[in-house]
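Here is a short walk through one protein model, with a few sheets and helix pairs picked out along the way. Keep the viewer open while you read.

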Amino acid sequence: MLTNFESKSARVKGLSFHPKRPWILVSLHSGVIQLWDYRMHTLLEKFDEHDGPVRGVAFHQQMPLFVSGGDDYKIKVWNYKQRRCIFTLLAHLDYVRTVAFHHEYPWILSASDDQTIRIWNWQSRNCICVLTGHNHYVMCAQFHPTEDQIVSASLDQTVRVWDISGLRKKNVAPGPGGLDDHLKGHPGATDLFGQADAVVKHVLEGHDRGVNWASFHPTLPLIVSGADDRLVKLWRMNEYKAWEVDTCRGHYNNVSSVLFHPRQDLILSNGEDRSIRVWDMTKRQCLFTFRRDNERFWILTAHPTLNLFAAGHDGGMVVFKLERERPAYAVHGNILYYVKERFLRKLDFTTTKDTVVMQLRPGKSPVYSMSYNPALNAVLICTRTNNLENSTYDLCQIPKDTESQSESDSKRSSGITAIWVARNRFAVLDRNQQLVIKNFKNEVTKKLPTFCEEIFYAGTGMLLIRDPEFVTLYEVQRLVSVGSIKLAKCRYVVWSPDMSLVALLCKHSVTICDRRLQYLCTVQENCRVKSGAWDESGVFIYTTSNHIKYAITNGDHGIIRTLDLPIYLTRVKGNQVFCLDRECRTRVLHIDPTEYKFKLALIQRKYDEVLHMVRNARLVGQSIIAYLQQKGYPEVALHFVKDEKTRFGLALECGNIEIALEAAKALDDKDCWDRLGQSALLQGNHQVVEMCYQRTKNFDKLSFLYLITGNLEKLKKMNKIAEIRKDVSAQYQGALLLGDVKERVNILKNCGQLSLAYLTAATHGFDELTESLGESITSQGNSLPEVNPNAQLLQPPVPIQQLETNWPLLSVSKGFFEGAMVTRAGSSATARQALNINADAALLDEHNGGGDGWGADADLGLDEDGDDEMHDALSNDGDGGAGGEEGAGWDVGDDDLVVPEELASKIKASALDSNYYAAPNKGLSPAQQWANNSPLVLDHVKAGSFETAFRLLHDQLGVVNFQPFKTLFLQNYACSRTSYTANPNLQSLSGYPLRNYSETNIKLQRPAVGIKLNDLVARLQAGYQLTTSGKFSEAVEKFHSILISIPLLVVDTKLDAAEAQQLLRICAEYIVGLKMETVRKGMPKSTLEEQKRLCEMAAYFTHCKLQPVHQILTLRTALNMFFKLKNYKTAASFARRLLELAPRPDVAQQVRKILQACEVNPVDEHQLQYEEFNPFTICGISWKPLYRGKPEVTCPFCSSSFDPQFKGNLCTVCEVSQIGKDSIGLRISNLQFR
């Protein structure tokens, strides 16, 4: 029995498979109906309306309905799409045992403990027939799959077969041919209205106790029944009578349910003896028995079309199949060999011709696997049984004449698996799990000294061996292991055509390795992985229960298409997938490989292919967009997106203000305009910034923008707008920025601030205004304010030049994709690019003295004529200068340019030659490239750029004391380059060892790493040993040296970065604890207060996160000190913590004695500043606890805690950082900058 799915629940009384979807209904004794997806192992829905146990449940064949019956005497019909009960049928007077839909008519059949069987029309919602005759509980009733018959089983020890043809004739319409045709087709229906609705056709008597279940055979006139007499009986019937054929004995408790296998001559039964049994229908003997330890079985059902069964028991239900359905096949070149119905067949992938090769030797079990040898044209056919010791393999020579189809001569031997390893050698895993090598005569030539669970093909002379934890690549000739990978329960192995890659398929994962089993990636799956094949481009295509998926060797994976039923891949060729289904039929499916080919081209940097796909393929979806963003190609993602909001975000991410502006106009959202304004301001595109501020009506920012760009005209307009808005504050600020004193005086006067208006007018020398304002003040009875005689006039600076163009930016080289996309635009786009010369315009204006001429043209508000003129001016190489006075705007001013004689004399004559050679400029050294392009501290140190390294340390970790780093910096700089001799009499040349030596782009090259994480971990062990031996000062130095080495690490993975952070915390904890212990040992202990302080510090030391061996030592110290101070309660707590750490037996014995003494009088004699159960950290300066919730500051480097009064001091733990300084944190990997 192969289990597909198990659920845990209350006792299961009813089960029903959905005919098309991978669903199963489960009715429980608790009153709940569950709907499970057995393929995804997911509970989809719960239906809870019955009062009491639900004993029967059934799906409708076509409609989205199911029916249920329970101990509340109710039959409920549900719509699972609407997730509700749509109506209830009431008539039964006792428990409803089973319910069923008719396969054709709108009928429901129900059996009840009220000794009746009822047939209902679920469309009219009426009971149309009551079948009476049983004189005890009716336990089960079922429709015949094709005939107008019902079978029922009852505790009155009988099975009854009912004829319901009369009911059909009364209730079902005659059809399109009318009543006459209907009667001709049914000659027994002469008396249409005189015939009874349902009559008992046969009564089957033979069971000695109540019958629990009875089922029809799907095609033959047979019935099977199971009863409380522990027997399974087989009955045959004809038109006139029914009789018992045979009895199957074996159950040793009541038989609960029994049914025929839909496609084989088998009977399945289960019962309260906790077993499921499979019987041979012809021999009437038990073939298999599957037992559960503690659960009695109550119900059994079969899937209508698939090889699936389900059984319900006391603790849930199990979905299972009786045998493995995976076809046995082998692929060589363009030929697929596979086994179907005891025939070996072959399929040619190129012509799709499928032929029979030969007939195989018959056997009891289906073929498990096969291996093909092209050199000898022979196959190994492996057959497995439930008992592996009985497994066999057949060595068969394929006949040259494939048309004969006769049974081949084969050599059969015992063995679990057989695999070809050479031209005339194959490996066999025998029944003792031992490996032997045999020749073509089936003779043992060598025994391999290894134990394994399974073997797989690995090429000539090699084998893949699976043991419980590892998969090992084994060389057969030399008897040595070549490589291995830790992987449990590998089920199948798929090699790429060139044998350079291998995919190891487990139950729920795919692991890809190279030829030597070096790990490349793993893909985890929720569903079972079924099969796989390699694409021509090196992508692994695999199937699960539900999908065809792909996996690329860098770990990227995705879904290609969905499957209705599982398939087994044999070959992937372009957009075609060749596969076998569970019926061993060859199929060809079409897939769309664009997505994984697109990703592969990106990974391999084949940008031309990427560009071609962007232009021609229909790549859409959030997954592709997210993938491109993650890989750092937002400009490519921009070309897939139609949604304006996503386009806007991507355009901002890649700095494309033009596309972002288009999207913002379409969205017209305030938040979008705000974000666009920020991005445009960072790029200096103040024209877009102005538009954004105008759209969001951000008048304050708009005024400031006009001020810094010197646009006084628009600043005056902003003042008028402020006046209209009655915003006096903005109006006054605008007048202040414009230097308009009269306007300021008027504003102050209008808002009633006469004193301020008077002072403003008097200070700036406006006598008339001063007099009128003075009169107004005195008329109100107020005294005039005193004017400061030393007041100075503060005028805002006058703008030198109004900036109409955007701010000049550094030239940025466009990426491959941006450049390629630009070329797609037409000639109009080229003209626009030619006009977009803002930065050059500013420079030309400065050198040529162009004056105001550039101000008007740089506005980009040119009409079509102006555009053409500019285009002509740019396309002519100086000829336009002779075009008359109107064209004098291009006067370069070189007419009166004369080279001074003293300079002319120094110019070599050869320099004026056209063949003069100019030496190229000196390029940047690799070290300079490191400093320019790397954000990591170590790379700057290796480059010798200590100043930038200091700045990075300061920004990242708040480092202010760089003296401790001196030795490390010098050591790393010294080993950053090698020196080797050049030609004689020349200086030595330098070589630069790289950690990414395969990188060809010099900007991405990085120096070799000097300090490695593993070395620091090894040094940590030395620190532990010094701590154990009590050399605290040396241990502190060791931990401190490790601590300050960590910022100079470079790691490649997030896991290593996290490990470095953990190492940092360990060192900091040890430094705090050991320094505190050193201070404690030097303190006096003459008075009681001093002794109490020593005890407190010893107690704090026990809360440092140390290794268990050191924690034991701290606890022993604290225990002894507290015991001597007579604080027995706290001492007892230390003793318990100490015993939890499992110290040495002699120490443990001593501690238990002290604990017993403390428990006699568990009180503390002295009050200490120590709360054991209130979490705290220790201040690294005052050595006092900082309890959770209290204010504290931390060191940005080592994260040690300090009292807030020490903020700004140098950290006493790491001795390099400033306490409480804001910083971005430790950065030792490029992953941390993404």
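## Two helices side by side, α9 and α10

Let's start with a helix pair: the crossing of α9 and α10 is left-handed, meaning that the near helix is turned anticlockwise from the far one by less than a right angle (clockwise would be right-handed). Helix and strand labels here are DSSP runs counted from the N terminus, helices being H or I of at least four residues and strands E of at least two. On the α9 side the contact (heavy atoms within 4.5 Å) uses W673, L676, G677, A680 and L681, and on the α10 side V688, V689, M691, C692, Y693 and R695. Sorted by class, that makes nine nonpolar, one polar and one charged residues; Ala, Val, Leu, Ile, Met, Phe, Trp, Tyr, Cys and Pro count as nonpolar, Asp, Glu, Lys and Arg as charged, and the others, Gly among them, as polar.

α9 spans residues 670-683 and α10 residues 686-695, and the two pack at about 155 degrees with axes 8 Å apart. Axes are lines fitted to C-alpha atoms, for helices over the stretch in contact, and angles run from 0 to 180 degrees between N-to-C directions. α9 and α10 are therefore roughly antiparallel (over 145 degrees; under 35 is roughly parallel, 65 to 115 roughly perpendicular, the rest oblique).

Residues are numbered from 1 along each chain as its sequence is written, and side-chain values use heavy atoms, leaving out hydrogens and water.

The mean pLDDT (the predictor's confidence in each residue, from 0 to 100) is 81, with 85% of residues at 70 or more. Residues 182-194 fall below 50, and this stretch has 13 contacts in the model beyond near neighbours in sequence. Residues 906-914 also stay under 50, with three contacts beyond four places in sequence. Where pLDDT is low, the predicted coordinates should not be read in detail.

β51 (residues 547-551) and β52 share five antiparallel bridges, and I548 has R561 of β52 as its bridge partner.

The other open sheet has three strands, ordered β53-β54-β55 and paired antiparallel. Its edge strands are β53 (568-573) and β55 (586-590). Five bridges link β53 to β54 (residues 576-580), and V572 is partnered by V577 in β54.

## A hairpin

β41 (residues 454-457) and β42 (residues 462-466) run antiparallel, joined by four bridges, and I455 stands opposite I465. The two strands form a hairpin with four residues between them, and G459 in the turn has a positive phi of about 95 degrees.

Terms used. This is a predicted model: local features need pLDDT of at least 70, side-chain atom pairs count only at pLDDT 80 or more; totals for chains, interfaces and linings use all residues. Two strands pair if DSSP finds at least two bridges between them.
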